[in-house]
Amino acid sequence: MFTGIIESIGTVKQIQAQGTGLLFTLSSPISHELTPDQSVSHDGACLTITAVEKDTHQVVAISETLQKTNLSGLKPGDQVNLERSLTLQQRLDGHLVQGHIDTTGLCLLEMDKNGSREYRIRFPEKFSGLVIEKGSIALNGVSLTVFDVGLDQFSIAGIPYTEEHTTLKLLHPGNEVNLEFDLIGKYVMRAQQTADI
């Protein structure tokens, strides 16, 4: 379980095929603190640390993960948001994030708002019931508030601090993003769908 408050940014150093999955080697300021078997959010996707060496760590994304996220499009040199899992001693500054990506979205628009930056994101319409005005979403692992919600689009805004400490500053029109919808909203929707069964 995560909060969507990004801890560090990692840089992809190497990508190798591993069966139907991909083995990623990344470097980051927190890599040396990680341990094998630890769960770490990589751009919002919960991945297990398989190896650590000095300032690098490795994770494997299996085919299911690659199909539901933007990780298959990563290249050496790309940056990803990193967050270690929540402990019971931490404040929940973001929102409850599982690290289970629901789908990807597409950045349609980026606007400078003189003190913040606004982005317009398109997503598959079948998830429209999970996006509400002023609700929470995890975009590439970053906990954000959505507004100006439509059937298949919403907007988010990044304040300077968030832009500086996450990869949000690298988001431009045409970029694919990982989306995880609000956990509570998913349970409510499922309960409604199965109420008459």
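Predicted model: local features only at pLDDT ≥ 70, side-chain atom pairs only at ≥ 80, totals over all residues.
**Exercise 1. Find which residues His57 is in contact with, leaving aside its neighbours within four places in sequence, and place His57 in the fold.**

Step 1: locate the residue. His57 belongs to strand S5, which covers residues 56-61.

Step 2: look for a polar partner. The side chains of His57 and Ser31 are joined by a polar contact of 2.7 Å.

Step 3: Pro36 is 21 residues from His57 along the chain, and their C-alpha atoms are separated by 8.9 Å.

Step 4: decide on burial. The relative accessible area of His57 is 1%, so His57 is buried; the cut-off for buried is under 20%.

**Exercise 2. Determine which backbone atoms the side chain of Thr69 reaches, and whether Thr69 is buried or exposed.**

Solution. Step 1: find the element. Thr69 sits in the loop that runs between helix H1 (63-68) and strand S6 (79-84).

Step 1: list the backbone atoms. The Thr69 side chain reaches the backbone oxygen of Thr65 at 2.8 Å. It also reaches the backbone nitrogen of Leu71, at 3.2 Å.

Step 2: list the contacts. With neighbours within four places in sequence left aside, Thr69 is in contact with Ala45, Ile101, Thr104 and Asn178.

Step 3: decide on burial. Thr69 has a relative accessible area of 5% and is therefore buried.

**Exercise 3. Asp43 and Lys54 each have a positive phi. State where each lies and whether each is buried or exposed.**

Solution. Step 1: recall the background. Most residues other than glycine have a negative phi.

Step 1: read the angles. The phi of Asp43 is positive, about 55 degrees, although Asp43 is not a glycine. For Lys54, also a residue other than glycine, phi is near 55 degrees.

Step 2: place the residues. Asp43 is in the loop between strand S3 (39-42) and strand S4 (45-53), while Lys54 is in the loop between S4 and S5.

Step 3: decide on burial. Asp43 is buried because its relative accessible area is 4%. Lys54 has a relative accessible area of 70%, so Lys54 is exposed.

**Exercise 4. Describe the largest nonpolar core and the contacts of Ile156.**

Solution. Step 1: name the central members. The largest nonpolar core has 20 residues, and those that touch the most other members are Ile121, Leu139, Phe154 and Ile156.

Step 1: find the contributing elements. Two or more residues come from each of strands S8 (117-122), S9 (136-139), S10 (142-145), S11 (153-158) and S12 (176-181). S12 gives the largest share, three residues.

Step 2: list the contacts of one member. Not counting residues up to four places away in sequence, Ile156 touches Arg117, Glu118, Tyr119, Ile121, Ile137, Leu139, Leu144, Thr145, Val146, Phe147 and Leu168.

Step 3: look beyond this core. Another core, of 18 residues, lies apart from it and includes Leu34, Val40, Ile49 and Val80.

**Exercise 5. Identify the nonpolar patch on the surface that contains Met1, and classify Met1 as buried, partly exposed or exposed.**

Solution. Step 1: name the members. Met1 forms the patch with Leu92 and Leu96, and together the three have about 250 Å² of accessible area.

Step 1: classify it. The relative accessibility of Met1 is 41%, so Met1 counts as partly exposed.

Key: Residues numbered from 1 in each chain as written. Heavy atoms only, no water. Patch = residues over 30% accessible without salt bridge, like charges linked within 9 Å, V, L, I, M, F, W, Y side chains within 5 Å. Areas by Shrake-Rupley, 256 points an atom, 1.4 Å probe, with all protein chains shown as cover. Salt bridge = Lys/Arg side-chain N within 4 Å of Asp/Glu carboxyl O. Buried < 20%, exposed > 50% of the residue type's maximum accessible area, 1.4 Å probe, protein only. Core = buried A, V, L, I, M, F, W, Y, C linked by side-chain atoms within 4.5 Å. Helix = DSSP H or I, 4+ residues; strand = E, 2+ residues; numbered from the N terminus. Contact = heavy atoms within 4.5 Å. Polar contact = N/O pair within 3.5 Å; in protein donor to acceptor, adjacent residues only side chain to side chain.
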